[in-house]
Amino acid sequence: MRVVFTSLFKVGTGGGMGRVAHELARQFAVRHDVVLICPAESTGLYDDGGGLRVFGIQSAGEEEFWMPALSGGTVSRIFDFLDAFSPDVIHAHEPALIGLVGQIWAKMNLVPFVHTSHVLPAKALNFGAADALDVKLLRSSLSMSVARQVLMDFYEHCDAIIALNRPGLDALRQFGYQGQVFVIPNGRDLRRYGVCGNADVASPEKILTFVGYISERKNQAYLLEVLRCLPRQYRLHLVGKPLNPDYGRQLREFCDEHGLDNVVFTGQVAHEEIPPVLEKTHVFVSASRMEVQSLVVIEALASGTPVVGLSNETIDELVDAEVGRWLPSDAGPETFAGCVERICALPQSEYNQMCANARDRVGEFDWSNVIALTLEAYSTLLERRPQVAAHRAGASLAGLVSLLPPGETREVLADKVSDLERVIEETSELRIVSALPEKMQAVRRVPQSTWLLAGLTILSSLVGY
C-alpha cells in the first residue's frame, strides 16, 4: 500500500503529537511504500536515514514550532509529487496547512483522506498553542469561533477521523461531526519499556516523576503543592521544558519561596532516555487538566510504574486502584499526597503486583496492534471508494480558485484548473470512460468553503513564515 502521512512537526519535535505522527509513518514504512510530508530546512524528497522517505517543506521556526512556507511554487511541488507517487491513502495529523493541501489533492483524486484527532475539538486552542505562542487573541471567544468553523469544514471533508479513545469519539460527536470514526489508540514500542525493573519501595528516597511540557494545562503547580504535603524524602522530577518561560519561572520561584529543594527541573530529555528515568520512579504523578491520550502515562504504565493522577481523559481511561490511584479533578493536594504515600508504603510483593497490572493495562497500545487496526480502517475506506460519477452541475474550479487571495498560489492552482478544464473540453465529445473522467470530475469535488479555507491557510503560512 502507498500511504502519505502529513505532520506539522519536524522530525524530533512536537511532543507526543509529533512523535506519534513520525513513528506511525516509520512503522508503516517497514512493509509499505510510505512518504511523510512535514516541515524541513528545504523543500524536497529525501531519506531520513532510518528507512523513511520524507518530503520536506521549507519552514521557519525554532525548537518545537515551525511554520511551513506554502508558497505557490511549494503547493505546486506538493501536487506534482502526489500526482507522481499516487498514494492509496492520505493520513493527516493536523487539520490545516500541509494537511489541508493533502485533503484538497485527495478530494480531487478520489483518494481516501483520514485525519487523526489529537485534541478535543471544542478546546483545540487549549492544547499548547496559547501557552507556546503567548498570544491573548488565541484565548478569545472570536478565536474559538473561527477555530470551530475551520475544524468543522475540515472534518466534513474527511473520509474518516481516527479518535484515540472513547472520550475522543464523544468529543467529535458533541462537536457535531457525524461522519465515519475509527477508534484507534496511540501506538508505543512496549518492548522498550517492558524491560524496566521495578522501583525498590524500601529505598529511603522516594522518586516521583512527571514527564511532559511544563505548561499551565499540565498543571505542575499542583504537583508542587502535593510535594509540600509529603515528607522530605520524597523527590519530584519534572522532566520537560516550559512552553511558556513565564510559567517555568513561576514554578522555580515557588520552590524558592517554600524551600522546596527536593524538586529537580530536569529539562528536556531525549525520548530514548525516558525508560531509565521511569525505572527509578516509584510513582508517576499527573495533574494535567486535559489529555486526550497521554503518551507518557502509557509509557509509565508500560514500564511498570504506578500512576497517581487527577481525572482527565487519559487518567479516566487507564488508571484505577489496580495500577495506581484515580482522583477527581478537584481533589486537594493532601488527598493526592496520601495516595502517593500509601503506594510507596506497600510491601514489595504488593507493589510488584501493581507494576505487573500496569504493564498488562496497556498491552493493546503496542505498535503491532495499532498498525493492524489502522490498515483495517484503510481497507474499509478503499473498499467503498466511490466510482467516478457522471458529470454534475456546479461552479467550475476556476470560480472556486478565485476565492483565494491574489498571489502566486492562486495563479499556480488556476493554471492547473485551466489544464484540467481544457481536457474536459477536448474530451467531452468523445465520451471517453477511462482515467480522464476522474480528472474531469476533480474540478467539482472541492467545495467552495474548503478553497476559501485553503486560501486563508496559505496566506497565514506565508505571513507566519
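**A strand and its partners**

Modeller: Strands β10 and β11 (residues 234-239) run parallel to each other and are paired over six bridges, where two strands are said to pair if DSSP finds at least two bridges between them. The model is a predicted one, in which local features need pLDDT of at least 70 and side-chain atom pairs count only at pLDDT 80 or more, while totals for chains, interfaces and linings use all residues. Residues are numbered from 1 along each chain as its sequence is written, and side-chain values use heavy atoms, with hydrogens and water left out. Strands and helices are DSSP runs numbered from the N terminus (strands E, at least two residues; helices H or I, at least four).

Together with helix α8 (residues 220-228), β10 and β11 form a right-handed β-α-β unit; right-handed here means that, with the strands pointing away from the viewer, the path from the first strand over the helix to the second runs clockwise.

The strand β10 (residues 206-211) is largely enclosed by the rest of the structure, because six of its six residues are buried. Buried stands for under 20% relative accessible area, exposed for over 50%, and partly exposed for values in between, with a 1.4 Å probe and protein chains only. In a regular strand the side chains alternate between the two faces of the sheet. In β10, Lys206, Leu208 and Phe210 are buried on one side, and Ile207, Thr209 and Val211 are buried on the other, so that both faces are covered.

Another buried position is Ser117, with 4% relative accessibility, which belongs to strand β7 (residues 113-117). A polar atom of the Ser117 side chain lies 3.1 Å from the backbone oxygen of Val119. Leaving aside neighbours within four places in sequence, Ser117 is in contact (heavy atoms within 4.5 Å) with Tyr155, Ile161, Ile162, Leu164 and Leu172.

As for charged pairs, the structure holds 18 salt bridges, each being a side-chain nitrogen of Lys or Arg within 4 Å of a carboxyl oxygen of Asp or Glu. One of them joins the side chains of Glu23 and Arg188 at 2.9 Å, N to O. This pair links distant parts of the chain, 165 residues apart, with Glu23 in helix α1 (residues 15-29) and Arg188 in the loop between β9 (181-183) and α7 (191-194). Arg188 is buried, with a relative accessible area of 1%.

A further salt bridge brings together Arg53 and Asp33 at 2.6 Å, N to O. Here too distant parts of the chain are linked, since Arg53 is in strand β4 (residues 53-62) and Asp33 in strand β2 (residues 33-40), 20 residues apart. Both count as partly exposed, Arg53 at 29% relative accessibility and Asp33 at 32%.

Finally, Arg166 and Asp170 meet in a salt bridge of 3.0 Å, N to O; they are four residues apart in helix α6 (residues 166-175), and are therefore separated by about one helical turn. Arg166 is exposed, with a relative accessible area of 55%, whereas Asp170 is partly exposed at 27%. Salt bridges that share partners also join Arg19, Glu23, Arg188 and Glu299 into one network.

Technical notes. A polar contact is a pair of N or O atoms within 3.5 Å; within protein, one must be able to donate a hydrogen and the other to accept it, and residues adjacent in sequence count only if both atoms are side-chain atoms.
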